[in-house]
Every structure is written in C-alpha cells, then in structure tokens.
Amino acid sequence: MQNLDNLSAREVAARVARRELSAETVARAFVDRVEAQEPGVQAWQHFDADQVIAQAQAVDRAGAQGALAGVPIAVKDLIDTVDMPTTYGSPIYAGHRPAVDAAVVASVREAGGVVMGKTVTTEFATFKPGVTRNPRAATDAPRTPGGSSSGSAAAVACGMVPLAFGTQTAASIVRPAAYCGVVGYKPTFGLLPMAGIKSLSPTLDTAGVFARTVDDAAFFVNALSRIELPMAPVKGWRVGVCHTPHWELADEDARRALQLAAHHFDKLGTRLVEAVVPGAWAGLAQAQMDIMGFEAWAAFAPERNHQAGLFSLAFAEVLASGAAVSGARLAEAHALAIHARGEIENLLSQVDVLIAPSATGEAPLGLDATGNPIFSRMWSLLGVPCVHVPTGVGRHGMPVGVTVIGPRWRDAKALSAAMALEASIRS
C-alpha cells in the first residue's frame, strides 16, 4: 500500500491501462486501507470488500480501458447505485435499492473506475450529522468532518480512496474539504449531471468531487464531463482578495489562511487587488436559504405526506422554514440572485479569479453539528466554480484553507489558480 499511497489517481489509471498494475491489485490495497482505518473514522454507509474486488476483476477482464481504469472511487450516499443500498442519510430509505445508477456513477463505470462503496451523508444532505469523525482530529477530542459530504471528505483525507463524489447546495463540498484538509471542487452549476441524485434544491444542487490534489480533482471531472480543463500559468493574472460580506465571522485562523494564500499568489507573480463586492451581496446568504428551503419543501412532498415522523428535528426545521417562504419572498431571492450573477460576471472580467475564506476556521469540536456554511452559501447561489485548497493548520493543528473562485463555465481558470497555489504551498 505504501507505493500506491504516493500515486495520484491519474497515475493509477495510467499504470492500470498500461498493465503495470492490475485493477485488482489496486482494489485490494485500498480495501486493506479501508479495513484498517474505518473503525476510527466511520466514513462508510456501505462497504463490501468482496464486491469491490469483483468489480476490479471485471475491469481487468475487460482490458482495463477507460480514463479512470482501476481507480477506486467513493460515492456519497445521496447518489443512486444500482448494486448498493442508497439511503440518502435517512431511515425512510433504509435498504433502498435504486433501479439504475445515477448518471455520474454510470460514467465512472463506463470509464473503468471501481465504486468502493457509499459514504456517509447527513440526512438528505442537510444538517443532521452522521457518525463520521474527522480523521485529522485526536480520537479523544473528536471534531466534525463537516457536512453534508462527511464520509467522502473523511475517506479521502485518511487515504481510503483517492477520489470521492460530493454534492453541494450550500457548503457541502467546500466545508468538509476545509475541515478534513483535502481538495474540494464544486464545478460550475450544471457541469455534472444531477440525474439519479436525491434533490434538495434543483436551483442549487451541484455534483462535485474530493481529491488529494487539484490535478486529481480536475482529472476526475474531466473524465466524467468530457469538458477539457487545460491548466494555464498564472503569472501576470489579477487575483481578487475577497473578504465577502461575512468577514466578521472569520476567526484568526481563517484570516491567516487568506493572508497566506495572498502571499503565495504574490510570490507567483500575480497582481493582488482587493475585490469589493456590492453591498446588496450581504443578502445573498439569506436568498440562498430561502430558495433552498422553498424548493426542499416542494421536493419532499412524498416523504412529508407519508413518513414525516421519520424526519429528524433538524430536517423538519429545514422544511418548516421553507414552508414559511412566501411567493413574493422567493421572487425577491431569485431577483437578487439573477442580478448578482451579472455582477460577478463583471467582477470576474476585471480579475482572473477570486480567493475567499472557505470556512469560519478549523473544524469545531464535537459531532453534534457540521459547522457554519456561511462562506459558501453565496458562491453556491451564484453557480460559480469553487476549489478549496488547504493552506496549512490552525491553532489546534486542524486544517484550514481558502476557496479559489472562477467565472462560470471557465472552471479551468479556477483550477489553474488552485493548482498554482497548491504547488507554491507545498514547495
């Protein structure tokens, strides 16, 4: 396993395709890793070692073809899998077996990837935590891995898999990536298909990925989307330092992380500018909450009508807040979002990328909550690509980092800047 630990997902796929490694060898190594790490992390909702090995053997028999040949991939348990239970983090769906794979899972299989299992999600991708522990925290002082993509971020963080799927409606990729110290990439809204993924808020729901490096995240999404994501040198770029309307909520660790990222971009030969956002953007977080709540109330009508007694109090409160959103208030939220999307296009024509806080600070102590999503809500509403890059650790030795934001449908800009930042930090 030690040798495979040092290989990127891109390199694993290349070596399997060249028959230097078998998919089965790779799978067995990562199965061993899961079995060693899982008791202390509890990242998996469903994991069957025999099923994983059987998939890998099938990849080998088929000639180990495809962009993801032999690469082990974790799937958030919000995403349908035909051969594994999909519970959406709720007892309502205990033992549920979807009829078909979600589109992104089907694409993984088509590309030769190996589905390692289903990772823990919060209930319906909202706020009721699962059992997963942050693998970066001491065992006697557990901390949240964030949510809702808790298990996926934790599984990548402790080396159980090189790649994992997440989804984000508010902060469910960026925040777990920040807390667990891995790369989290939320693509432009709509870049990856949502077919077969339990919907919370269709206007906001976005499929994305976790990886150990920015290059692996780009490689993964490129393999799934068929959209080229060419990396470019960033020397001479204009980088906007964005404190966001919520800067007062950033603690000392989050502020230092942003300062450190700015310092590295300065070293890379970019021009740093202060990105001042319009005052009306202070309302974007509430607009995101209003849209999410209103749409969740509608999306969960079947469960509300027949099995509401199995909702957690936290999820019932999400639906209740959505029921309180009037048509006029929803229209105002959408109007603000539409206007702000035009404004961010203008802002990102003046700078190449933005950098902003990913979270309020380190992962909070305890497992009863998943942390404050405030710093990602507005980016999710605006639909822009976001890449979380770890920058180091905070006062308690837990990971911190920043979000790199690019223009919609120009994900390669955000990824290029994120990759340059990552390389500078690691050098």
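View 1. Six of the six residues of strand S4 (residues 163-168) are buried, so the strand is largely enclosed by the rest of the structure. Here, buried denotes under 20% relative accessible area, exposed over 50%, and partly exposed in between (1.4 Å probe, protein chains only). Helices (H or I, at least four residues) and strands (E, at least two) are DSSP runs, numbered from the N terminus. This is a predicted model, in which local features need pLDDT of at least 70 and side-chain atom pairs count only at pLDDT 80 or more, whereas totals for chains, interfaces and linings use all residues. Residues are numbered from 1 along each chain as its sequence is written, and side-chain values use heavy atoms, with hydrogens and water left out. In a regular strand the side chains alternate between the two faces of the sheet. In S4, Leu163, Phe165 and Thr167 are buried on one side, and Ala164, Gly166 and Gln168 are buried on the other. Strands count as paired if DSSP finds at least two bridges between them. S4 pairs with S2 in the parallel sense over two bridges, and Leu163 of S4 is the bridge partner of Ile73. S4 and strand S6 (residues 206-211) run antiparallel and are joined by six bridges; Ala164 has Phe210 of S6 as its bridge partner.

**View 2. Strand S9 between its pairing partners.** Five of the five residues of strand S9 (residues 353-357) are buried, so S9 is largely enclosed by the rest of the structure. Strand S7 (residues 238-241) runs parallel to S9 and is joined to it by three bridges, with Val239 opposite Val353. Strand S11 (residues 399-405) is antiparallel to S9, with four bridges between them. Ile405 in S11 is the bridge partner of Leu354.

**View 3. The buried face of helix H12.** Phe315, Val318, Leu319 and Gly322 are the buried residues of helix H12 (residues 313-323). Seen down the axis of H12, these residues fall within an arc of 90 degrees (taken from the directions from the helix axis to the C-beta atoms), so they line one face of the helix. They pack against helix H10 (284-299) and helix H11 (301-307), where contact means heavy atoms within 4.5 Å.

**View 4. The surroundings of Tyr93.** Tyr93 lies in the loop between strand S2 (72-76) and helix H5 (103-110). The residue is buried, with a relative accessible area of 18%. Not counting residues up to four places away in sequence, Tyr93 touches Thr86, Thr87, Tyr88, Phe124, Lys198 and Glu303.

View 5. On a 1 Å grid over the protein atoms alone, a cavity is a set of points where a 1.4 Å probe fits but cannot get out, and a pocket is an open set with protein on both sides within 12 Å along at least five of seven lines; lining residues have an atom within 4 Å of a point. Grid points are joined across faces, edges and corners, and a volume is the space filled by probe spheres set on the points. The largest pocket holds about 220 Å³ of space. Of its 16 lining residues, Gly89, Thr121, Lys128, Pro129 and Gly130 lie nearest the centre. The largest cavity holds about 80 Å³. Among its 13 lining residues, Ala125, Thr126, Phe127, Ala170 and Ser172 are the closest to its centre.
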